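Me: Hi! I have a protein model open and I'd like to get to know it. Could you walk me through it?

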Amino acid sequence: MFHLIDQIATLTDQRDRVALDRALVRVLTELLEPVSMTLYMVMHDANDQRWLPQIVLRRGNAVEVNDPMHADFRLLERIENDTPRQRCLEVNLPVVEQAEGLDGDCLTCLPLFAGHDMGETGAIEIRSIARLDPLALASIERVLRIYRNMHSMFMYSERDALTGLLNRKSFEETFYRSLREDQAADAVVDAGAQSDAHLQRRRVRLGEQFWLAMIDVDHFKQVNDQFGHQIGDEVLILVGRILKTTFRGYDRVYRFGGEEFVVLLRCPDHAAALLTVERFRRKMEQYRFPQVGNITASVGLSSIGASDAPDVVCNRADQAVYYAKRHGRNRVCSYDDLVQQGLLREDVRDGGVELF
């Protein structure tokens with residue numbers, strides 16, 4: 001009885017989704033003592049969907065966490081229809097079968113979420129010496145119910161109510177957790193789970209470069225004034241959809257408020273980052289919004305340095321947006337290019353800029 005209460009407390013004591021995922025693996029490890037366990041999330045790039053092994057518990061209780069923003073999408077396993085992992089998602093039930101090449105270990109796959117009502121898709125893959133009995137499967141399902149409830153609460157607190165995009169409140173946390181190199185130090189499993197277990201955050205080195213794009217819908221006040229706020233809200237919802245279909249599943253798209261949006265993205269170089277945000281600008285320009293017609297957006301792009309604070313990067317991108325607005329709108333302007341060309345002058349004392 002007390003052990004069950006401790007497990008519930010472990011899950012409900014978390015304060016963010018990453019910690020919740022770690023706690024889920026910890027609780028299931030105590031409950032099942034598996035050979036290995038992997039928590040998979042589905043990532044997508046356009047129509048290409050792949051499995052990200054987000055948390056991996058290996059033999060000997062060594063745990064590894066993979067951040068989606070650092071994963072090499074090209075190296076991830078493609079989603080295939082006829083696999084235990086995929087079948088458990090289709091039937092929304094556990095799928096149990098003999099694992100291949102692991103001395104007769106048993107493989108159990110369970111859907112991480114109940115259907116797709118949480119906007120994410122994932123599965124848990126458990127390898128055990130023997131087949132999990134009905135009591136064990138029932139216990140896992142009870143733990144997952146608590147996990148799903150907590151996950152839903154975090155999703156609600158992180159999302160913008162109108163567009164479903166991430167909200168400004170979650171931006172700074174994501175920025176520091178995903179983009180800063182010194183965050184590896186925080187990846188240690190709570191000693192209460194396994195005294196000798198350590199969480200190793202292995203980040204795939206791709207010559208990683210991160211960028212922030214700030215997007216402002218042009219003349220949005222006129223939309224509200226002419227068509228009303230209800231139509232204005234519909235425009236924002238559609239802009240959110242264009243953003244989600246333009247950028248990849250491992251990029252982070254936020255609504256900052258009003259008609260302002262922000263994207264954190266990973267691209268190998270400046271040219272690739274410009275191409276990506278320019279693709280969004282063209283989609284906006286070509287889309288015909290119901291009742292309103294064509295609407296454009298001005299975009300500011302800034303690189304993110306290893307020691308940059310979120311407000312500094314946002315200020316740079318915002319200055320680039322301001323320059324775009326001043327010079328015709330419906331364009332992408334790069335802060336780095338503007339400074340290099342002498343069109344903006346950086347104040348190294350406080351990160352401010354002056355326009356010429």
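Predicted model: local features only at pLDDT ≥ 70, side-chain atom pairs only at ≥ 80, totals over all residues.

Me: Great. How many helices and strands are in the chain?

Reply: The chain has 10 helices and 18 strands.

Me: And what share of the residues counts as buried?

Reply: Of the chain's 356 residues, 52% count as buried. As for contacts between residues at least 6 apart in sequence, 63% of them join residues at least 24 apart.

Me: Okay, on to helices. At what angle do H2 and H4 cross?

Reply: Their axes cross at roughly 175 degrees and come within 10 Å. An angle over 145 degrees counts as roughly antiparallel, so H2 is roughly antiparallel to H4.

Me: Why give both an angle and a distance?

Reply: Because two packed helices are described by the angle between their axes and the distance between the axes.

Me: Which residues meet there?

Reply: From H2, they include Leu20, Leu24, Val27, Leu28 and Leu31. On the H4 side, Ile140, Val143, Leu144, Tyr147 and Phe154 are among them.

Me: How do the residues of that contact divide by class?

Reply: The contact of H2 with H4 has 14 nonpolar, 2 polar and 3 charged residues. Arg17 and Asp21 are among the H2 residues in it, and Glu158 is one of those from H4.

Me: New topic: how much space lies in the largest pocket?

Reply: About 1,100 Å³. It is lined by 41 residues, and the closest to its centre are Arg17, Glu120, Arg159, Gly249 and Arg252. You've met Arg17 already, in the contact of H2 with H4.

Me: Which elements give two or more residues to the lining?

Reply: Helices H2, H4, H5 and H7 do, along with strands S1, S2 and S11.

Me: Is glutamine 291 buried or exposed?

Reply: Exposed: its relative accessible area is 62%, and over 50% counts as exposed.

Me: What about asparagine 330, where is that?

Reply: Asparagine 330 lies in the loop between helix H9 and strand S16. Phi of asparagine 330 is positive too, near 50 degrees.

Methods:
Residues numbered from 1 in each chain as written. Heavy atoms only, no water. 1 Å grid on protein atoms, 1.4 Å probe; cavity = no way out; pocket = protein on both sides within 12 Å on 5 of 7 lines; lining within 4 Å. Points joined across faces, edges and corners; volume = space filled by probe spheres on them. Helix = DSSP H or I, 4+ residues; strand = E, 2+ residues; numbered from the N terminus. Axes fitted to C-alpha atoms, helices over the stretch in contact; angles between N-to-C directions. Parallel < 35°, antiparallel > 145°, perpendicular 65-115°, else oblique. Contact = heavy atoms within 4.5 Å. Nonpolar A, V, L, I, M, F, W, Y, C, P; charged D, E, K, R; others polar. Buried < 20%, exposed > 50% of the residue type's maximum accessible area, 1.4 Å probe, protein only.
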